[in-house]
Amino acid sequence: IRSPDTAQKGKQSYALVELVDVMPTMCELAGLDIPSNAEGFSLVPAIKNPDTRIRDCALTQYPMKKGTMTYIKYLTYF
């Protein structure tokens, strides 16, 4: 995600994020209030400072054979 007013242009962040973080991020970048029922976190702090930690873990879910789901938990180690 890139914002025109970002001082850290072209810097990569290793912060763990989830898809639910996109909507609060877009709201904040657009100057809108983040809805109280938003489940994610704004990524603007990580956009401004790539070393910022957004969350300590992220969960991924995907389907396996015969309708079962597999879950993978990613943890932050930095």
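Modeller: Of the 78 residues in the protein, 24% are buried. Buried means under 20% relative accessible area, exposed over 50%, and partly exposed in between, with a 1.4 Å probe and protein chains only as cover. This is a predicted model: local features need pLDDT of at least 70, side-chain atom pairs count only at pLDDT 80 or more, and totals for chains, interfaces and linings use all residues. Residues are numbered from 1 along each chain as its sequence is written, and side-chain values use heavy atoms, leaving out hydrogens and water.

The protein has 2 helices and 2 strands, in the order α-α-β-β from the N terminus. These are DSSP runs numbered from the N terminus: helices are H or I with at least four residues, strands E with at least two. The C-alpha atoms fill a box of roughly 50 × 30 × 20 Å along the principal axes.

Now the charges. Side chains of opposite charge can pair when their charged atoms come close. The structure holds 3 salt bridges. Each is a side-chain nitrogen of Lys or Arg within 4 Å of a carboxyl oxygen of Asp or Glu.

Arginine 55 takes part in a network of salt bridges with Glu18 and Asp21. With glutamate 18, the closest N and O atoms are 3.2 Å apart. That pair links distant parts of the chain: arginine 55 sits in the loop between α2 (44-48) and β1 (57-63), glutamate 18 in the segment before α1, 37 residues apart. With aspartate 21, the closest N and O atoms of arginine 55 are 2.7 Å apart. Aspartate 21 also lies in the segment before α1, so its pair with arginine 55 ties together parts that are 34 residues apart in sequence.

How covered is the network? Arginine 55 and aspartate 21 are both buried. Arginine 55 counts as buried because its relative accessibility is 12%. Glutamate 18 has a relative accessible area of 22%, so this residue is partly exposed.

Arginine 53 is at 39% relative accessibility, so it counts as partly exposed.

One last point on range. Among contacts (heavy atoms within 4.5 Å) between residues at least 6 apart in sequence, 38% join residues at least 24 apart.
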